[in-house]
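Please load the model in your viewer and show it as a cartoon.

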Amino acid sequence: MTYAHVVDVPGPIDMYDALHAEIVRRSGGTVDGLLVHVGRPTATGFQVLEVWQSRAHFDRYNDEVVLPTVADMSAGQPGPAPQQAIEEFAVRGLVLEGGKVVI
């Protein structure tokens, strides 16, 4: 079952750009179970929308790659708390590259 969420982060878009680049570097550009990731600037910071094959895929990647990267890049400084702004949602339709209908 797919797992999807949107996260609003009250931080500068430069933070997203740097974090995204470092996560891509650490992961080698391959993320097991990630179907869609979109980052975009907002009036108050940035927003991330993701669709995963499962909640387990998200949890593993978040624990093994994202959270350690955030910790390393923040050098112990408190950052925004995106977990307070996570909105999970049910995916009603998903079409991937090449027109492959997933759900």
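In what order do the four strands of the open sheet lie? The order is β2-β3-β1-β4, with antiparallel pairing. Strands here are DSSP runs of E with at least two residues, helices are runs of H or I with at least four, and both are numbered from the N terminus; two strands pair if DSSP finds at least two bridges between them.

This is a predicted model, in which local features need pLDDT of at least 70 and side-chain atom pairs count only at pLDDT 80 or more, while totals for chains, interfaces and linings use all residues. Residues are numbered from 1 along each chain as its sequence is written, and side-chain values use heavy atoms, leaving out hydrogens and water.

Select 3–9 and 45–52 next: these are β1 and β3, antiparallel strands joined by seven bridges. Tyrosine 3 has tryptophan 52 in β3 as its bridge partner.

Then select 55–74: helix α2 lies across β1, β3 and β4, at about 130° to β3.

Finish at histidine 5, in strand β1. Histidine 5 counts as buried because its relative accessibility is 2% (buried is under 20%, exposed over 50%, partly exposed in between, with a 1.4 Å probe and protein chains only). Beyond its neighbours within four places in sequence, histidine 5 has contacts (heavy atoms within 4.5 Å) that include Trp52, Phe58 and Phe89.

Definitions and conventions. Axes are lines fitted to C-alpha atoms, for helices over the stretch in contact, and angles run from 0 to 180 degrees between N-to-C directions.
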